[in-house]
Amino acid sequence: MSDIDEKDIHSFVDAVSAYFYQTTGEKAEIRSAYLVESGVSATTFELIGHISLSGSFSGRVYFSASRGMVRHLLLMMKELNHTEEHLLDTVGEVANTIAGNARQHFGDTMEISVPVVTATTHENWLNTVVSPRSYVILIKWKQYKASVVVDIQRIAK
Amino acid sequence: MVKHRHSIFAKYRTIILAVILFVVADSLVISINFYGTFKANESAVSINLSGRQRMLSQRTTKVLLLLQRSLETGDEAEVARDLKELDLVVNLFDSTLKGFRDGDTVTGGDGNKVFLTQVDTDISRDLVAKTYVIWEPYLDKLRPLLGGNRNFSPAQVEAAVSFARDNNLEILRLMNDLTSDLELVANTRAHFLRVILILGVFVALGNFAYTVVVSIRDLMRSDEQITKAQEETTEILSTVHEGLFLLNKDGTLGTQFSASLPKMLRRNISPGMNFIAVLREMVPQNVFDAATDYIELLLGDRVKESLVTSLNPLTNVPITTTDQAGATQQSYLTFFFNRAIMDGQISHLLVTVQDVTEQVSLMQRLEQAKKQSKTEVEAFLRLLGNDFGALQQFLANVDQELAQINKELSQDDHRHQHTLNNILRIVHGIKGEAAVLGVDVLEAYAHECEKEMIAIRESGDEVTGDHMLRITVLLEGFYERYSSLSEIIARFGEVLGNKGTQIEQAVKTPRIASQIASLAQRIAKDQNKEVEIFCKLEMLETLPGRISQDLQGISIQLVRNALTHGIETPAERAMAHKPEKGKLHLWCERLDNTHYDFVVRDDGRGIVPERLRAHFVKNGQMSQEEAAGLSDHEIVSQLFLPGVSTATTANRDAGHGIGLDVVVEKIKNFNGHLQIKSHADLFTEFHIRFEITV
């Protein structure tokens, strides 16, 4: 993972921050960050959206948030449809924003998939799918927390 | 040059031909006109004189008749006057008729001599010949009366008068016809001249029209070519990725440049702008001086362009810009200069600017990779000199410490400042252990991380989640280096057949003393100090692994501190009447079944509360009043707080205010008790007492 620099990681986190700012006028900020290691899990919330990257980098970037957070987000957006499907769509939209920012940051050499969304009750779900030493960045927005997990590697040319 | 002239002729061929045609046609018309005018003049003389011949024929007859009457009246004066006039008119008629026949100089109407051209038409020649047929017998009859002669007879007069009466009208008619014929010739010539003039005018007009049409056509074609060339140039300049422009001899930019140039130079560019001034803002003074010399060299013609290309100082020029968010960006540009030659003279320099950021970045990465590879090889060679078990133990410790850092980071308790201090202590500990074992790659990286984290701590800003992300990135770098090193050691282990059991043996090896001694000597050398080490640390081998590790860590920190803050330079020691070589003692001893002492003592300048107060006040860490209000114990305790140091400058060995913080934390691990004894300019002793119960 060492070939991913801080700017690369920020490009994903900034996308989330920008999404919250544009939709609610309040920025989401980085609360803390760490690596997935033995004994330290990737913090998982109930709703997860991810994009897959290929090209000069390979791997996935996950955005995970609680239902409560997404509902509050929808309320701030004056959206009254709070069905599970709509909650997942919203998480997918955040993942899509991450994809858009990634395209801008990495340029044409990066191929980015459409967002895929999942709902889970398994509190360590992310831990079961991400590689060791993936970055976990905890985001705070209002009283809520969310996580961005960056699990990508540069592909050697 | 010849080619250039040829191209000029080709370009202006039509105009040149038109001018030649104009000159030839005009010369022709003017010549014809001149000839016609000359002929007209001749005709006018001829017509005038032929008209005079008519008059002379009549006057001859009239004078003859008057002479006859004067003779009859006997008026001698009249006779003389008549004879004189007869002489004049007959000579004039005769010479003029002769002029018409042969061409000759005759007396004109105004009395001046004029050349009378021979008649040149058949009619005129015939008329003159017929006139001669009458005139010659007539002249014979008149001759006795001419030349002032008075010896003529009345019969001779009568004969002349009679001949005149018979032929006067015929001579008049012949002269009339001659005049008419000469007028006809003159008219024909005048008509011819008009025709020629009209033709000349038409030729001139045609030539003018041709010149205008062809010139306009050529101008339009030329304009079209110029427009097309301009469009192509504009297209090239707006498309090309490189920055392109012509540099004038006075250092200004030409009128056209590629669209990418302002973007590459990261500034507004306008035609005629002074490139030298732009360059001055972009590059350091030494590069600027070299660049202006190079440009001057290229603009001169003393050296060959190909010979000085390698002197170009404007290669891989770093350009630093700051965006709106305040973030700095660095790119690299290379400027290529080529002479533009016109008429064999250097007119401009064609400057091509290329963005070589990617190449430079690649080169730097390659260089870094080479350096890293070299460092790793060197580190590996150094590691070979170490105790293998100690290395394995060290790596196991590092693994645990890195995991501990990650755990600290993952504690989502929002106490970032606290987390930062804890991580700093761990990193400092790793740095110390790496230094003891000579694991440069980890020592250097730990130092780098430490510097960044200290910068965060000392910035005075609140430690935020963004800082935690930065530290996480640093941690990843640590893991990366740790993994590489582990892999090397593991392979080394496989070669030597060492297995995991080596770890326990490593702890028990007595090499800690020599390792600390070599670390102390290295630090002393770095700081231009001299020191003698006395270690008695065999007891450490008998202690439980964790306590032994902590005490080793404490040893490293206190040795660093002793050499940085305690022991003076040889010169200072000489002034204080102390031996130039300082002394550093470390020992560990058992007091009874359960109690142990661990001591580090140096004979340096000591910890002096008054000096500490002055230092803290001077550094702005506390006010005069605050410093004065603290007891000696309290002021010394400040040294154990994170971020407090008495060093004037920070280096890799001390000065960051971490070492004693680490010492305290490690002592806490085994519930030890620390006592500090010191005397100004004599010694400092760190005395740790601890208990081990089974």
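Trainee: Leaving aside its neighbours within four places in sequence, which residues is Leu53(A) in contact with?

Mentor: Please keep in mind that this is a predicted model. Beyond those neighbours, Leu53(A) is in contact with Ser58(A), Gly59(A), Arg60(A), Val61(A), Ala102(A), Met110(A), Ile112(A) and Ile152(A).

Trainee: Where does Leu53(A) lie in chain A?

Mentor: Strand 2 of chain A, residues 47-55, contains Leu53(A).

Trainee: And is Leu53(A) buried or exposed?

Mentor: Leu53(A) is buried, because 23 other C-beta atoms lie within 10 Å, and the cut-off for a buried residue is 20 or more.

Trainee: What separates the C-alpha atoms of Leu53(A) and Glu111(A)?

Mentor: Their C-alpha atoms are separated by 5.7 Å, although the two residues are 58 residues apart along the chain.

Trainee: Let us change topic. How many helices and strands does chain B have?

Mentor: Chain B has 22 helices and twelve strands. Of its 694 residues, 30% are buried. If one takes the contacts in chain B between residues at least 6 apart in sequence, 63% of them join residues at least 24 apart.

Trainee: What is the order of the strands in the open sheet of chain B?

Mentor: The order is 8-9-10-12-11, which gives an open sheet of five strands with mixed pairing. Strand 8 (531-536) and strand 11 (673-679) of chain B are the edge strands, and each pairs on one side only. On average, neighbouring strands of this sheet are turned by 10° against each other, direction ignored.

Trainee: Which helix packs on that sheet?

Mentor: Helix 17 of chain B, residues 545-566, packs on the sheet and touches strand 8, strand 9 (582-590), strand 10 (595-602) and strand 12 of chain B. The direction of helix 17 makes about 25° with that of strand 10 of chain B.

Trainee: Finally, how many residues of chain B are in contact with chain A?

Mentor: There are 18 residues of chain B in contact with 18 residues of chain A. On the chain B side, helix 11 (388-410) and helix 14 (465-496) are the elements that give two or more residues. Helix 14 of chain B provides the largest share, twelve residues.

Trainee: What classes of residue does that side of chain B have?

Mentor: The side of chain B that touches chain A has seven nonpolar, five polar and six charged residues.

Note on methods
Residues numbered from 1 in each chain as written. Chains lettered and ligands numbered in written order. Predicted model: local features only at pLDDT ≥ 70, side-chain atom pairs only at ≥ 80, totals over all residues. Helix = DSSP H or I, 4+ residues; strand = E, 2+ residues; numbered from the N terminus. Buried ≥ 20, exposed ≤ 12 C-beta atoms within 10 Å, placed from the backbone. Contact = placed C-beta atoms within 7 Å. Pairing = 2+ DSSP bridges. Axes fitted to C-alpha atoms, helices over the stretch in contact; angles between N-to-C directions. Nonpolar A, V, L, I, M, F, W, Y, C, P; charged D, E, K, R; others polar.
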